[in-house]
Each structure stands twice: as structure tokens, then as C-alpha cells.
Amino acid sequence: MTKMHAESNNIQDYLKKSEVINYDHKLIVNKCLELEKDMENIENMENIEGMEEKKEISLIRKIYEFVRDDIHHSGYIGAQEVTCTASEVLEFGHGICCAKSHLLAAMLRYFGIPAGFCYQKLCSGQEGIDRKVLHGLNAVYLKDLDRWIRLDARGNKPGVDAQFSLYEEKIAWPVKKERGEEDHPIIFKEPSPTVIEILKKSNSRKEMWEQWDLGLRDLFHD
């Protein structure tokens, strides 16, 4: 795995609200409170030393698994509408990888958990097509471990098994450098402006894919 580093040394930059990471939206607030309540009902944790840190990690896992499993990848369900903002992804119940990363970051930031954005250059999964594609995922800062871990909430399927893991990274697609794939080394504090523009302007997923190379070129200078 490529050695990652944060774009900003100010952890507060990874907690900010924006038009896209709109964690004050009513839908997001309600879903966050619902997940938090579910955790409290299930775990009923005792108040012992170190439990707050354990609760935070459990909360991160629960939010991650909600976005990964309960929010569909648009391609898996054949959805043509394109979502971008965190609240749109939650409202429609689907998004592509980058859009789902917006929702995961928003829900984590709602709870004061620093979350950033990571990107990969990957080979297209379509057989016989020699094309590189942009993939988006997240990094989350774990204060009790004093480090970042990457989480990939795009959604699993046969051959793709991303998991929450503290010590051994388990993302959807570890890069294969021999095939020209790359991890961008920066943990960005905000999503790529080019990615946001493409998502916002596209009227369909087909239209979005026709412009998707712009995001790849912007981030990897291809």
C-alpha cells in the first residue's frame, strides 16, 4: 500500500461541513441518531476506563457498514440518476463510489470523527477494455490509535470484499502497480472539485461515465 499523508495537519479541516458534506441535513441527522440509538440498545456498554474509545470505533464500524451495505452502488441496481451530496445519496439510497464516500464522511463528521477522501487509479473491470478509471474511498482518523485507516464503502459483490479493519487494510481493490494502477498518496480534506462538478452536471450515469476521465486526469495528471 502507498504511504498516505494528510493534506492538512489541522484535524479540524477533516470535520468541516460543506454543500456536499452537508451533515446538518435533517435526513442525515435523523439517520445518525437512529444508528447511535441502535448501538446503545445492542451494546449497553458499561462505563469503564477506555470504553469511550471502544464505542467510537464501534460507531465508525456501524456507520461504515450502513453506507456499504444499505446504500446501493448505483451500478449494481442500474440506477441512472446521479447523486452527489451526502443527503442526496441517503435520500435516493444509492450512489457511485465517490458519492457514497461523501455520505460516509458526512455521517462520521456529524459525530466529530475526522474523515477524508482518497482516490485510486484502477484498471476497468470490463473484460477486454484497456482503460483506467477513478475510484473514490475514505480515510478516517482513529484518535485512540493516532492514525488514519482507509475504508471503502462502495459495496461488496462476488470478487469484492471490503471490510472494516483496524490493522490489515481490506479495501475493494488493492492496487496492482504492475498494471499501472495507483493510490493517490494524499488524504484530502474535501472531495475533488472536478468529481463534484461531474456528478452535479450529469443528467444520467451514462453521461457521467463519458466525463469520468476528467476526474482521473485532474487527480493523477494522466
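Reader: Which residues of helix H6 are buried?

Author: In this predicted model, helix H6 spans residues 193-201. A residue counts as buried when its relative accessible area is under 20%.

Reader: What covers the buried residues of H6?

Author: Both helices and strands take part in the cover. Among the strands are E4 and E5. The helices include H5 (97-110), H7 (205-211) and H8.

Reader: Which strands stand at the edges of the open sheet, and why is one side of each left without a neighbour?

Author: The sheet is built from four strands with antiparallel pairing, in the order E6-E5-E4-E7. Each edge strand has a single partner strand, so one side of it lacks a neighbour in the sheet. The strands in question are E6 (147-151) and E7 (182-183).

Reader: What angle does the direction of helix H8 make with that of E5?

Author: Helix H8 (residues 213-220) packs on the sheet, where it touches E4 (115-123), E5 and E7. Its direction and that of E5 make an angle of about 60 degrees.

Reader: Which element gives the largest share of the largest nonpolar core?

Author: This core has 56 residues, and those with the most contacts inside it are Ile28, Leu103, Met107, Tyr119 and Trp212. Apart from it lies another core of seven residues, including Cys118 and Leu137. The largest share of the 56-residue core, nine residues, comes from H5.

Key: Residues are numbered from 1 along each chain as its sequence is written. This is a predicted model: local features need pLDDT of at least 70, side-chain atom pairs count only at pLDDT 80 or more; totals for chains, interfaces and linings use all residues. Side-chain values use heavy atoms; hydrogens and water are left out. Two strands pair if DSSP finds at least two bridges between them. Helices (H or I, at least four residues) and strands (E, at least two) are DSSP runs, numbered from the N terminus. Contact means heavy atoms within 4.5 Å. Axes are lines fitted to C-alpha atoms, for helices over the stretch in contact, and angles run from 0 to 180 degrees between N-to-C directions. Buried means under 20% relative accessible area, exposed over 50%, partly exposed in between (1.4 Å probe, protein chains only). A nonpolar core is a set of buried Ala, Val, Leu, Ile, Met, Phe, Trp, Tyr and Cys residues joined through side-chain atoms within 4.5 Å.
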